[in-house]
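Reader: I would like to learn how to read the features of a structure like this one. Please take me through them one at a time.

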Amino acid sequence: MEYCLFTEPQQGFSYEDQLAFARSAETHGLDGFFRSDHYLRMGDGDPRPGPTDAWTTLAGLARETSRIRLGTLVSSVTYRVPGILAIQVAQVDAMSDGRAELGLGTGWFEREHAAYGIPFPAKRFDLLEEQLAIVTGLWATPDAETFTFEGEHYRLDEAPALPKPVQERVPVIVGGGGPKRTPALAARYATEFNIGFVAEDVVAEKFTVVRAACEDIDRDPASLKLSVALPTIVGADDAEIERRLAAIGQSREQFDNGANIIGTPDAVIEKVGRLRELGASRVYFQLLDLRDVDHADQIGTDVVPHLPR
């Protein structure tokens, strides 16, 4: 089992805030620090100091950490052309000595695109499929050979396929609740399938579907890592839990929806145990208040040491 912190910096947090969480993850033995890839705050509240670019941030963290995995959950295909994305991720992989992971998805936040002038086509699954083919194809191209791709949306003409990542295969995460195409893309291109923000019965269903998608193409389902990402509130007691809920502007009734992780360390440990029984081998604890480093530390000291590995 692996355990990672997962953050949403677009909600109003700086690079320094993210660095503090990444260092907490590293200090306390977590396996990774992952962040969303967004440029606009969601919901009401102060967005300052303003957005930070995901891959610029991860490049900085690559030089300021030494052990934890670093990645996006997930980057949108609408933000970057795939040839440039492959270069960016490969460079962060080199800067981190082989610790980069790429989560890639279709994108969904239309208002964000309008705010920053980013094109937002109505149909994006074809973009995702072509980007997955291009990024993984560029990385897999043998040294001194070129990569050519002719698709409906992207064309690459004898790309040098450089730089090469440090890792022989950069982990690629594909996730979501789509019933057919998402699991099919995960089975074909991904090293990890992620499902987030849903109850345990839905987690079980989606894991079953993606395993079947692997079998459909004669891939061993055991070769695809299964993971769950869930908003998390941990507290030593009700007072601490309520304080953390207030900091993100939610009530207990709103947050405790049958899917999210909330409660004392013992309750969190029980929840993770159930996710493991469903087949998850990685859990992302999504923490929404990046100024509360004590929250990250508490997960590292009171929860993770008692979780299965």
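Author: Start with strand S10, residues 225-234, where nine of the 10 residues are buried, so that the strand is mostly covered. Buried means under 20% relative accessible area, exposed over 50%, and partly exposed in between, using a 1.4 Å probe and protein chains only. Helices (H or I, at least four residues) and strands (E, at least two) are DSSP runs, numbered from the N terminus.

Reader: What should I know about the model itself?

Author: This is a predicted model, in which local features need pLDDT of at least 70 and side-chain atom pairs count only at pLDDT 80 or more, while totals for chains, interfaces and linings use all residues. Residues are numbered from 1 along each chain as its sequence is written, and side-chain values use heavy atoms, leaving out hydrogens and water.

Reader: Which strands does S10 pair with, and how do they run?

Author: Two strands pair if DSSP finds at least two bridges between them. Strand S9 (residues 192-196) is joined to S10 by five bridges, and the two run parallel; Glu192 stands opposite Lys225 of S10. Five bridges also join S10 to S12, again parallel, and Leu230 has Phe285 in S12 as its bridge partner.

Reader: What else joins S12, and is that strand buried or exposed?

Author: Strand S1 (residues 2-7) runs parallel to S12, with six bridges between them, and Phe6 stands opposite Gln286. In S12 (residues 282-287), six of six residues are buried. Arg282, Tyr284 and Gln286 point one way, Val283, Phe285 and Leu287 the other way, and all are buried.

Reader: How do I read a nonpolar core?

Author: A nonpolar core is a set of buried Ala, Val, Leu, Ile, Met, Phe, Trp, Tyr and Cys residues joined through side-chain atoms within 4.5 Å. The largest one here has 77 residues, of which Trp139 and Phe285 touch the most other members. Helix H5 (residues 125-140) supplies the largest share, eight residues. Another core, of seven residues, lies apart from it and includes Cys4, Phe6, Phe34 and Tyr284.

Reader: What does Phe285 touch?

Author: Contact means heavy atoms within 4.5 Å. Leaving aside residues up to four places away in sequence, Phe285 touches several residues, among them Tyr3, Leu5, Leu230, Ile261, Val272 and Leu307.

Reader: How should I read a helix such as H5?

Author: An α-helix has 3.6 residues a turn, so residues three or four places apart point the same way. The expected span is 1.5 Å times one less than the number of residues. H5 has 16 residues and reaches 22 Å from first C-alpha to last, close to the 22 Å expected. Its buried residues include Leu128, Leu132, Val135 and Trp139. The buried residues of H5 pack against elements including helix H3 (82-95), strand S5 (100-105) and helix H6 (181-189).

Reader: Where is Gln11, and is it buried or exposed?

Author: Gln11 sits in the loop between S1 and helix H1 (15-27). Its relative accessible area is 18%, so Gln11 is buried. Leaving aside residues up to four places away in sequence, Gln11 touches Leu40, Arg41, Met42 and Asp46.

Reader: And the chain as a whole?

Author: The protein chain has 11 helices and 12 strands. Of its 309 residues, 54% are buried. Its C-alpha trace spans about 60 × 45 × 40 Å along the principal axes.
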